[in-house]
Amino acid sequence: MAKSNIYVGLEIGTSKICMVVGEVKGDGAIKILGVGQAPSRGVRKGEIVDYDNAQTCLHEALVRAEDRSDVIINNVFLAITGSHIESLNNRGTITLAGDQNEITEEDLEEVKEIARDVPIPQQNVFLHSIIRHYFVDGQDNKVQNPIGMLGTKLEADYHIVHGIRTRIQNAIRCVREIPLEVEDVVFSGVASAQVVLNKDDKSRGAIVVDIGGGTTDYVVYDDGALSQSGCVGIGGDHITNDISIVMKIPLSKAEKLKVEHGSAMIRESDEGKAIKLEDDMHFEGKEIDAHMLNQVIHMRLREVFEFIHKKIGKGSELAKIGAGIFLTGGSSKMEGIDKLAEEIFELPVQRSSIRSMSGTASAFENPQYSTPMGLVRYAQILDNDKPVKGKGIVGFLKRFKK
Amino acid sequence: MLEYRREAKDSPGADSVAVKVIGIGGAGANVLDRMALEGIEGAELISMNTDVRALGTSVANTKVQLGKALTQGLAAGGDPELGAQAAEESQAEIRAIMQGNPIVFVCAGLGGGTGSGAAPLVAKIAREEGAFVVSFMTMPFSFEGRRRLEQAEATLRSLEVYSNALVTFDNDRMGDLVLPKEGVSAAFSAADQIISQSVRAVCNMVNQRGLVQVGLDDLLTALKSHESRCLFGYGQAKGDNRAQEAVARALKSPLLDKGALLKNAKNAIVQVSGGEGLTLYEVEILMKEVTKHLQENAQILFGLSADEKLGENVSVTIISSVSENEVKPEGKGGETGTKEKAAATAVAAATAPLVSTPEEPVTEPAPEEPTAKKPDAPLSVEEEAGPETAPEPEVAPEPVAAPVDEDVAELELDPEPEIALEPEPEPEPEPAPPLEPVTEEPAPESVEEAPALEPEPEVTPEEETDVVSELEELMMDDAVEEPPLVPPAERTETDEVVPDPAPKPEPEPAPIPAAAAKIPPPRKKPAPASEETVAVELPSTEAEPDPTGEEAHQEELIPKRKPSRGRFDKSEPTIIDGEDLDVPTFLRKK
C-alpha cells in the first residue's frame with residue numbers, strides 16, 4: 001500500500017462524527033491539517049443502529065474534513081467502541097533449545113503466537129494484541145526488546161482487546177460504503193490514551209477515562225504498558241436522558257441544562273436555587289431545581305466511576321498508578337467531574353486534552369477530539385513499529401473478513 | 001382435585017394419583033438424585049437427557065435418552081435447538097411415559113441445551129396426554145451471560161403455556177441458601193434440595209389423605225400468579241414446643257426470606273401434618289404463628305393431615321407465590337379466581353364444624369371438603385340436599401378415618417367421634433352430596449367447569465330459604481355462591497368488591513351460633529379455637545376484595561420494574577449486575 005505520512009482518524013461517535021487529518025513530520029511531530037465534524041445521528045452507545053443516517057452524517061464529516069485539510073481522503077483509521085469490548089492479559093512462554101542461547105526474531109514470533117492464542121468467545125475477534133513486556137529467564141527482568149539477549153526461557157505478556165466480530169464488521173462496512181478504506185480499527189480508549197498520556201505518564205502508571213457521548217472507555221497503563229482496557233455503555237447521553245426523565249423536560253432542553261448549569265458535584269450554593277427554563281418563544285417556562293439537577297448528574301457519574309473503579313480495582317492495580325487519572329472526552333468538561341473522580345479513585349485527577357500536536361490543533365484542544373486525534377497518533381506509532389513487515393496493514397483486516 | 005370421597009366410592013384402590021417427576025438435562029437429573037436420596041413416596045422418577053453418560057449415573061428408575069440418533073449420546077452442547085430436536089426424536093417414548101393422566105413435575109435447568117430445548121416439548125406432550133403439569137425451572141446464574149438468560153426466558157415463555165403451574169428458582173439466589181463460607185457443592189445441593197422438597201411436599205399433599213384436604217385446585221390457587229417466584233417453606237419439629245418450632249423452621253427457608261416475603265403473598269397453602277399426638281390446640285398455635293407472617297387479608301388454604309410415620313413430629317409446609325410480574329387478567333386468572341373463593345369458603349366451612357367438635361381432627365374433613373366442592377357442583381346441591389341428609393354422615397366418617405386416620409382418631413378421641421358425627425349430619429347434608437358428583441370427573445379440570453356452574457348456585461339459595469332447619473346450609477350455600485358469582489364480575493374488580501362484603505357478613509356470624517347451639521357441651525378449648533378459626537376465616541372471606549388492593553400494589557410495582565429509559569427505550573439495554581443502567585441512577589438509587 002502506497003502510504004503517505006498523512007493519516008486520517010475517524011470516530012463515529014454517539015454525539016458527533018469526527019474526522020481528523022494529521023501529517024506526521026520527519027521528526028515525529030504531528031501537525032493537524034484539518035478536522036471535519038458533523039453531528040451524529042443513528043448511533044447509540046457508540047454503535048451504529050441506523051445505517052443510512054450514520055452514513056449521511058459520515059459523508060458530511062468527510063466533505064468538511066477534505067475541505068479544511070485540502071487532502072483527498074482514501075484511508076482512515078477507525079475508532080471502535082461499545083460495551084462489547086473486553087480485554088484480558090495473557091502470557092506465552094517458550095523454552096529455548098539447549099544449544100541456542102541467543103534470542104532470535106523467530107523465537108519472538110513464536111512466543112507472540114503462543115501469548116496471543118487465548119480462548120475468547122466464539123463470536124469475538126481480536127481487536128488488539130499489544131505486547132506489554134518480555135521476560136527472559138524469570139519474572140524480574142522486564143525487557144522491551146529481547147532480541148540478541150541470552151537466555152533459556154522467553155516469556156511474553158500480551159494485553160488482548162477483543163470485541164464481537166459482527167459489531168466491528170458493521171462499523172467497518174458503514175465506512176467502506178462511503179467509500180473509504182479502513183486501514184485499521186482501534187479501540188477508542190487506546191486511541192485516546194495515545195494523545196492524553198505521554199511516555200512518562202505511562203511508565204508511572206495512569207488511567208485514562210474517556211467519557212464520550214454514548215460510552216465511557218477506560219484504559220490503564222502501568223509500568224509503561226497497557227494493562228487493562230474496557231468500555232461502559234454509559235456516557236453523556238445518559239446524563240441528558242436522566243435529566244430529561246427526572247425533570248420531565250425535552251431532551252434538547254435537558255442537554256442545554258446539562259451543558260450550561262450541570263455540575264458533577266452537589267454544591268451547597270445550589271440549595272434552593274432555581275434555574276428558569278425558557279420556552280421556544282423565550283418566555284419563561286418551568287423552573288428547575290438546581291440542586292436536584294446536579295444530584296441527577298452526580299449520581300450518574302458517580303455510578304460510572306464506581307463501576308470503573310470496581311473493574312480496575314479487581315486487578316488491585318490502583319496502587320501502581322502514579323500519574324493518576326486522566327479524564328477526557330466531551331463529558332469530561334462537566335464541572336466538578338474531577339473532584340468526583342478524585343473522591344472515588346482517591347488518586348490525583350486531571351482533565352486532559354491533546355498534547356504534543358501542532359498546527360490547527362490549538363483550536364481543538366478540546367477533550368472531545370482526543371479519540372480521533374489519538375487515532376492519528378496511533379497510526380504513527382503503528383507505522384514506526386512495523387515498517388519492515390510486508391504484511392503490514394493489508395493483512396490486518398483479514399481477520400475481520402470472514 | 002383429589003378427593004378421598006370419590007375414591008372411597010368409586011375405586012377404593014386408586015387412592016393415590018400417579019406422580020411422575022421428570023428431570024430433564026443435567027440440572028434436572030441432580031434434582032432427581034436429591035429426591036431419590038431423600039425418598040419420595042409413590043412417585044416415579046424419570047430422567048431424560050441427551051447425554052448418555054449423565055443418564056448412566058442417574059438414579060432414576062426410568063431413563064429416556066433423548067435424540068439417540070441426533071446427538072449419538074453426546075450432550076446438546078448448550079444449543080436449545082438441538083435439545084428440542086432431540087426431544088422431538090424421542091417423542092414416542094416421552095408420550096408413552098405420560099400415559100395414565102398422571103401429575104407430572106418437570107424439573108430442568110434453563111439456559112443450557114437439553115433442559116431449555118426439551119422441557120417445553122415434554123410439558124406439551126404431558127399436557128396433550130391429559131396430565132397435570134407443574135414445572136420447576138432453575139434459571140441460570142446471571143454471570144452465565146445474557147445469552148443463556150435469554151434462552152432461559154424464551155423457554156419459560158413457552159413453558160408457561162403448557163404448564164398448569166410454573167415455579168422458577170433463580171440460581172442467583174443460591175447464595176442465600178448457604179453460609180458464604182460453605183462450598184459450591186453445598187450451595188448446589190441446597191438448591192436441589194429446595195426443589196425436591198417442593199416437589200415432595202406437593203406430592204404428599206396431593207396424595208395423602210388429609211383431615212382437611214388440600215387439593216390440586218388449592219395448589220393452583222397458591223401458585224397462580226404468572227412468572228411467580230415460589231415461596232416454599234418446610235419445617236418439622238418434635239418435643240414440647242414442636243408447633244412453634246416447626247413454624248419457625250418453615251419460615252427459615254430461604255425461599256421465604258425468613259417469612260418476609262410471605263407478607264406479599266395473596267394466598268398461601270399451609271399444610272400441617274402430625275402423628276397421632278397432634279392436638280387441635282397445637283394446630284391452633286401453629287396457625288396463629290403462621291398467620292402472623294401473612295397479610296391480614298391473605299387467603300389461607302389450610303390443610304391438615306395425620307400421618308403415622310411422623311410419629312412425634314409435627315410438620316408444616318407453606319407454599320405460596322409472589323408474582324414477579326403483573327398478573328395478567330386472562331381467562332385463566334378468572335377461573336383461578338373462582339377457585340380461590342371456593343377454597344376460601346372451604347376454609348370457612350371447615351372451621352365452623354371445627355367449633356362443634358373441638359379436638360377432633362376427624363370431624364373437620366367431612367364438612368370442609370364438601371363445601372370445597374360445592375362450588376363446582378351446584379346442581380347436585382339442589383337435587384340431593386333435601387332428601388339425603390342421612391347417608392352423608394356415614395360417608396364422611398369412613399373416608400376420613402379410612403386407613404390411616406381412623407385408628408388415630410379413635411385412639412385419641414374415642415368419646416368424641418360420635419359426638420362429632422351427630423352435629424355433622426345437619427350442616428352437611430348438602431355438602432356431602434355435591435361432593436360426589438363433582439369430584440368424580442372433573443378432578444384436574446375442575447377449574448374450567450367453574451364458570452358453567454355460576455348461574456345455578458344463585459338459584460339454590462332462593463329455593464332453600466324456606467326450610468328453617470337448613471338455615472345453616474343456606475349460609476354454606478351463600479358462601480359457595482359467591483365464588484361463582486364473582487368470576488363474571490371479576491374483570492372489573494370494583495364490582496367484585498361490592499357484592500362480596502354484603503353476603504359474607506351474614507354467613508359468618510350464622511355458622512358460629514349454629515354450631516354453638518348444637519353442641520353446647522364442647523370443652524372450653526373449643527371456644528377459643530372457634531374464635532381463632534373465625535379470625536382466620538374473616539381474612540379469608542375478605543380475600544376477594546383484596547385482589548383489587550393487590551393489583552393496585554402490583555401496579556405500583558410495575559413502573560419500578562420498567563421505568564422509562566427515555567431515548568434508550570429502543571436500544572439494547574445496558575445491564576450490569578442486574579441493573580438496567582439506562583434508567584437514571586437518580587431513580588434507581590432513590
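A residue counts as buried if 20 or more other C-beta atoms lie within 10 Å of its own, as exposed if 12 or fewer do, and as partly exposed in between. A:Gln295 has 18 other C-beta atoms within 10 Å and is therefore partly exposed. The model in which this count is made is a predicted one.

A:Gln295 sits in helix α8 of chain A. Apart from neighbours within four places in sequence, A:Gln295 is in contact with A:Ile266 and with B:Phe586, so its contacts include a residue of each chain. A:Ile243 lies 52 residues away from A:Gln295 along the chain, and the C-alpha atoms of the two are separated by 9.8 Å.

Chain A as a whole comes next. Its secondary structure consists of 10 helices and 19 strands. Of its 402 residues, 47% are buried. Among the contacts in chain A with a separation of 6 or more, 70% are between residues 24 or more positions apart. The average pLDDT of chain A is 83, and 88% of the residues score at least 70. Residues 387-399 of chain A have a pLDDT below 50, and beyond near neighbours in sequence this stretch has 10 contacts in the model.

Helix α1 of chain A covers residues 51-69, 19 residues in total. From its first C-alpha to its last, α1(A) reaches 26 Å, close to the 27 Å expected at 1.5 Å a residue. Which residues of α1(A) are buried? They are A:Ala54, A:Cys57, A:Leu58, A:Ala61, A:Leu62, A:Ala65 and A:Ser69. These residues lie on the same side of α1(A), because they cover an arc of only 145° around the axis. On the other side of the helix, A:Asp52 and A:Asp67 are exposed. The buried residues of α1(A) pack against a set of strands of chain A, namely β1 (6-12), β2 (16-24), β3 (30-39), β4 (43-44) and β5 (47-48), and also against the helix α3 (165-176) of chain A. After α1(A) comes A:Asp70, which has a positive phi, near 60°.

Another part of chain A is an open sheet of 4 strands, in the order β7-β10-β8-β9, with antiparallel pairing. The edges are taken by β7 (86-95) and β9 of chain A; each has a single partner strand, so one side of each is left without a neighbour in the sheet. Strand β8 (residues 124-136) pairs with strand β10 (residues 153-164) of chain A over 11 bridges, in the antiparallel sense. One point of this pairing is A:Phe126, whose bridge partner in β10(A) is A:His162. β8(A) also pairs with strand β9 (residues 142-143) of chain A, again antiparallel, over 2 bridges. Here A:Tyr134 has A:Val143 in β9(A) as its bridge partner.

In chain B, strand β1 (residues 19-24) is mostly covered, with 6 of its 6 residues buried. In a regular strand the side chains alternate between the two faces of the sheet. For β1(B), B:Val19, B:Val21 and B:Gly23 are on one side, while B:Lys20, B:Ile22 and B:Ile24 are on the other; all are buried, and both faces are covered. Which strands pair with β1(B)? One is strand β4 (residues 103-109) of chain B, which pairs with β1(B) in the parallel sense over 6 bridges. Within that pairing, B:Ile22 has B:Val106 in β4(B) as its bridge partner. Another is strand β2 (residues 43-49) of chain B, which pairs with β1(B) in the parallel sense over 6 bridges. In β2(B), the residue bridged to B:Gly23 is B:Ser47.

Terms used
Residues numbered from 1 in each chain as written. Chains lettered and ligands numbered in written order. Predicted model: local features only at pLDDT ≥ 70, side-chain atom pairs only at ≥ 80, totals over all residues. Pairing = 2+ DSSP bridges. pLDDT = per-residue confidence, 0-100. Contact = placed C-beta atoms within 7 Å. Expected span 1.5 Å × (residues − 1). Arc of directions from axis to C-beta.
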